[in-house]
Amino acid sequence: MLVSVYIPFLVTATLAVLAPPAARRLPPRPAAWALACAALVTAAGWAGSLALLAFTGLAQIPQIAAEGRWSVAALRSEDPVYFVVAAGSTLALAAGLVALGVAAVRQGRHLVRAWRECAELPGRTELAVLDDDAPLAFALPGAPGRIVVSRGMLRCLGADEREALLAHERAHLRGRHHVFQSVWRLTAALNPLLRPVAVAGNFVLERWADEEAAERVGDRTVVAHAVGRAALASAGAPRSAALAVTGGAVPQRVRALLAPPPARRSLPLLAGGLLLVVCCASLANAASDSDRMLDSAQWALCTTRTGTAAPAPTGQDQGQGQDQGRDHGPDGCRGGHDRPELRRAALLTGRSPGP
Amino acid sequence: MAGRGDEEAQEAHEASGRRARGALESDVLAALWAADGPQTAREVRERLPGDLAYTTVLTILSRLHDKGMLVRHREGRGYAYEPARDEASHTAQRMHSLLEGGSDREAVLARFVSELSAQDEHLLHQLLSGHGDAPSEVKRSDRKR
């Protein structure tokens, strides 16, 4: 508990710093998957660790301890978590969950709106053209998704480049890139540390679509020119500032397309995977520690109440494998109090309640 | 895994030879919108990437016409086609309201290109004019300093 509960934070921070630059250099498809996995696992680890810290703090409040029938003194003597840390964790967790809820509602609303627009766009073709001189192109996820391009955009591109543009947007729809985007948005809402991962993720999705378009068209330079020309045309066109997104992404995409395709590398992916395993393992370890701590605090309360001189299990030595020994507690304590606590402990660790 | 590979190989085959029907429709529609006036099937074919059969283009044009995406008028022995614009301008208004509504529409829309800074624009001109590599390296080191 002392160390392992903090390891998910460490892993999250490490990945938030290292993953974005690494992902930009990897082939975009595996990079996007890796970033999505990293975001999901670290978000879960983050929330789990905060919940454990918050819980150990709350468990020391006398009223809650009375409700759960464990000894505050025993818990306090064992628990290395300061009250400030526990309170901070509670606040961070609450704020994260509220932000996650807000983001989820918003994201859901956007997806529903896009879905509806897809259905209402005229024609039964994949491509819907807007009669508009401003260059504009995007993919609208739905069933089926639609590609929306303005006349202005089509007119500033050559035949091959138009094909590249359509292939790019088609790749977004086929790869269900809006799902990746949702994962990054929601995890970044829960944990603001993951925001750089979301930014890098969106860039990687564009690269993914670029690479797929290059494969389809059979010429990387054509896609590079399509992206560059579209961006320059858009830059020249008057439009609202609301359309501004990440600066600097387009030259990077063009440069990547003018260079040979990125080499496959497994070392960064392996390293990232290892970090995620460490994150999960330490969270599990912290959870079982916390469970053991509460069990022994309950034991402590039992022994003081019944006044038996039975050797109380010393919390530190009480390993996970010694559950059997604990079940032979004083009968008065066992019958009267243990069931709800065991059930709670079982909830924490996924163990089934004792007989 | 193997099935996926097969699927991809199949799609790649379609891309090189007979492209998927929906994709072809998009290409033809895009070509007509990019053109200045009504186009005959032969003219459309010239504006399409790759080497499509004339009859394929004709089929797609008449299919798009059936769907109400194109209008046509007699020209010589065949037709000249033009995009149907009334629906499209209506759509344009709807899409603008979609783009302007809500602060984070980025959630839904994967845009082809994002906004450029002045520096990006300069860099992009250099990259596209063919001698991109050397100047871009200079540029990058400039930015680091």
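This is a predicted model: local features need pLDDT of at least 70, side-chain atom pairs count only at pLDDT 80 or more; totals for chains, interfaces and linings use all residues.
Biologist: Which hand does the crossing have, left or right?

Modeller: H5(A) passes H8(A) in a right-handed crossing.

Biologist: Which residues of H5(A) and H8(A) meet?

Modeller: From H5(A), they include A:Gly96, A:Ala99, A:Leu100 and A:Ala103. From H8(A), they include A:His178, A:Ser182, A:Arg185 and A:Leu186. The residues of this contact divide into eight nonpolar, four polar and one charged.

Biologist: How many residues does each chain bring to the contact between chain A and chain B?

Modeller: Chain A gives 66 residues and chain B gives 49. On the chain B side, H2 (21–34), H5 (85–100), S4 (110–111) and H6 (118–128) each supply at least two. That side divides into 25 nonpolar, 10 polar and 14 charged residues.

Biologist: Why is H2(B) called mostly covered?

Modeller: Of its 14 residues, 11 are buried. A residue counts as buried because 20 or more other C-beta atoms lie within 10 Å of its own. Among the buried residues are B:Leu24, B:Glu25, B:Asp27 and B:Trp33.

Biologist: How do you know that the span of H2(B) is close to the expected one?

Modeller: From first C-alpha to last, H2(B) reaches 20 Å. At 1.5 Å a residue, 20 Å is expected for this helix of 14 residues.

How values were computed. Residues are numbered from 1 along each chain as its sequence is written. Chains are lettered from A and ligands numbered from 1 in the order in which they are written. A crossing is left-handed if the near helix is turned anticlockwise from the far one by less than a right angle, and right-handed if clockwise. Helices (H or I, at least four residues) and strands (E, at least two) are DSSP runs, numbered from the N terminus. Two residues are in contact if their C-beta atoms, placed from the backbone, lie within 7 Å. Ala, Val, Leu, Ile, Met, Phe, Trp, Tyr, Cys and Pro count as nonpolar, Asp, Glu, Lys and Arg as charged, and the others, Gly among them, as polar. The expected span of a helix is 1.5 Å times one less than its number of residues. A residue is buried if 20 or more other C-beta atoms lie within 10 Å of its own, exposed if 12 or fewer, and partly exposed in between; C-beta atoms are placed from the backbone.
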